[in-house]
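Okay, shall we get going?

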Amino acid sequence: MKHSFSDLFLKPDLFFQDLVTKKESLGRPALIILAAGIAAAVYAYLVVGLTARMIAGIMPGMETIIILSTAIGALFSTFVFWILWAGVIFALSWVFKGKGSFKRTMEIVGYGYLPQIFGILITCIVAFFYIPHVHVPELTAAAVQDPQVIQETTKALMHDPAMLVLTQITAVVSIAFFLLSANMWIFGLKHARTISLRDAAICVGVPVVGYSIYILSMMTVI
Amino acid sequence: MKKILFIPIIALCLFLGTMTIAASAYVTPESIVAAGRVYVSSVTYDPTVFFTDDVGTVIFEVTNGNTDQGVVVNHATLSETNHNIRLTSGTYDYSSNIGPGKTQTFTFSVKADGRDGTYYPTFSLSLRDADNLWYKTMVQIDNTPLVVTILDKPDAFTQGRKKTMNVQVANPRKNDVYSLLLEISGTGITSTPSKIFIGELVANANKTINVAITPDQPTTLEITVYYANGDNIHKVTTELPIVFGTDKKQANPVVSNIQVKSDNGIYHVTGDVTNAGLETANAVMVTTLSPAVPQDPYRTYVVGALKPDDFGSFEVTFFAQNGSSIPIQLSYKDADGNIITSTYDVTLSSLPTSSQKSDLPILPIVVVVIIVGVFAGGWVIYLRRNKK
């Protein structure tokens, strides 16, 4: 029985049950990760543009380099996160004597990344709306001599009202779609590692809760 | 030999005799009466009053008052007993006829060698058919120069600032002087203009000149007036020490009512600027200097013109390290466009900043907690049902 991508959202258990009957393949998951990476790069391009404007007075001409390097970094870090996340839940499932290859785990993690593409696209749309309203403070060459001024300037950018709203919306949307991914990963891990649903929920739930707490702590720090 | 000497003696006697006969032949009672109607109708000295060592001219106009008889003049000269007025041109040593009712001019060049005083040169004119005509004139030598007075000057000069001075040139002499030229000079002095042509200045009169000067260093300002007395050029100089100091009348913007707020790391400094001086402060501007980093929306605040006792409010925004002292620069332009700046320090040490407030984003946190709770709760319920 063949399941479509819509089953991934509506019947993830059946989708992954069917998936593990097939030969392991990272082709489609890699494409999903690539799409998520591109979306993340677009978002990074939008947000880092603000930082580039902030330091434009220090190193004129560096803005393009900073924006491009950050966007490319966002693209590659999505792939790195894919591998790391698969490694974490693979290691946790090992505690529950899970079976199945790491490649299979990477495959189900890749599929589970699909909701996050939509999440990042939503944050991009929000960013398009809010970024023009962000007041970007500018650093001068003289200010570079004082790290405290740089810190205060960066803090001022992050505390801009429009920037704060953007950050909070991004955090909420990211966590919501991350949990949607977690939902898929639980079912996927159950079949990929041949463990119970409860064990899979623990293996995925622990890092998910940890990640959510991290996001919350970042919001309170800002 | 005796014959040779005898001939010239005879000729000389004949010549002298002829001349005597000729001269005496025209002296008649009528010619004496006619000579009595010859008079000096005008005497003009130029200059009218001399400085010592001045040269000039004197013009005598001799008029024949007869209506039907001309007179013949042989010789005209001018002399002064003590040579205080010295004749530098020659005498008139030729005969000429002054027709009835006509006037003849005799011009002499003279030099004033005497000291201050009044002198009486005598004009003499030899008439062929009568005695000489003597005419005594009066001329003065006066060494009183023109007077240059600084009527008004700034209370103090400042380096590079243009200031206007009021200079008066007065003529206390008894005669008019001409071609007055006022010249401003001095090391490091820029004057606008540096030379001013005044022209004629009549006796007992004065003229007032405005001069703008810009000193670059403490120095001595020289105001020189050149003038012509007849054909003689004289000058008079007045010196004015230029010492830099504080202008007591200048505008004096004072900053007060300083209030500092911090909004997400951006400091907002508000306050008032009051002009405590006696002159208008134009284009008053307020900004911050390093280590502050000016930021929008008020990197620089233009208060505008402040008349004496006027005040205006300002606001500047900047980044700075908390606890530091920030210099606020206040600048304005005076009436001549000179920019004057001053700085005031504002300490940011004990200021509470809004960034220090614990404004937790409650709503997003609650939303996240609810989402995570729903997710976790849903799975717990699902697992329990699935277990059963």
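**A buried helix and its surroundings**

Let's start with α8(A): 23 of its 32 residues are buried, so this helix is largely enclosed by the rest of the structure. Buried here says that 20 or more other C-beta atoms lie within 10 Å of the residue's own, with exposed at 12 or fewer, partly exposed in between, and C-beta atoms placed from the backbone. Helices (H or I, at least four residues) and strands (E, at least two) are DSSP runs, numbered from the N terminus.

Quick housekeeping: this is a predicted model, where local features need pLDDT of at least 70, side-chain atom pairs count only at pLDDT 80 or more, and totals for chains, interfaces and linings use all residues. Residues are numbered from 1 along each chain as its sequence is written, while chains are lettered from A and ligands numbered from 1 in the order in which they are written.

Back to α8(A). How far apart are its end C-alpha atoms? They are 45 Å apart, which agrees with the 46 Å that 32 residues should span at 1.5 Å a residue; the expected span is 1.5 Å times one less than the number of residues. Just after α8(A), A:T194 takes a positive phi of about 55°.

Zooming out, chain A has nine helices and zero strands. Of its 222 residues, 40% count as buried. Take contacts, meaning C-beta atoms, placed from the backbone, within 7 Å: of those in chain A with a separation of 6 or more, 78% are between residues 24 or more positions apart.

**The cores**

Now the nonpolar cores, which are sets of buried Ala, Val, Leu, Ile, Met, Phe, Trp, Tyr and Cys residues joined through C-beta atoms within 7 Å. The largest has 58 residues, and those with the most contacts inside it include A:I89, A:W185 and A:L189. Among the elements giving two or more residues to this core are α4 (62-95) and α9 (197-221) of chain A, together with α3 (362-387) of chain B. Which helix gives the most? That's α8(A), with 16 residues.

Have a look at A:W185 while you're there. Leaving out residues up to four places away in sequence, A:W185 touches A:I89, A:I108, A:V109, A:G112 and A:V204.

One more helix in chain A, then I'll move on. In α2(A), the buried residues are A:P12, A:F15, A:F16 and A:L19. They cover an arc of only 85° around the axis, so they sit on the same side of α2(A); the arc is that of the directions from the helix axis to the C-beta atoms. What covers the buried residues of α2(A) includes α1 (5-10), α5 and α8 of chain A.

**Over to chain B**

Chain B has three helices and 27 strands. Of its 388 residues, 24% count as buried. For contacts with a separation of 6 or more, residues 24 or more positions apart account for 65% in this chain.

On to the sheets, where two strands pair if DSSP finds at least two bridges between them. One open sheet of four strands runs β1-β3-β7-β5 in chain B, with antiparallel pairing. β1 (38-46) and β5 (85-87) stand at the edges with a single partner strand each, so one side of each has no neighbour in the sheet. Neighbouring strands here are turned by 35° against each other on average, direction ignored; axes are lines fitted to C-alpha atoms, for helices over the stretch in contact, and angles run from 0 to 180 degrees between N-to-C directions. β5(B) pairs with β7 (residues 103-112) over three bridges, antiparallel, and B:R86 stands opposite B:K111.

Another open sheet has four strands in the order β24-β22-β26-β27 of chain B, again with antiparallel pairing. Which strands stand at the edges? They are β24 (300-306) and β27 (339-347), each with a single partner strand. β22 (residues 281-288) and β24(B) pair over five bridges, with B:T287 opposite B:T300.

Last stop, β17(B), residues 205-215. Nine bridges join β13 (residues 163-171) to β17(B), antiparallel, and β15 (residues 189-192) pairs with β17(B) over four, also antiparallel. B:A212 in β17(B) stands opposite B:T164, and B:T192 stands opposite B:A212 as well.

Conventions:
Two residues are in contact if their C-beta atoms, placed from the backbone, lie within 7 Å.
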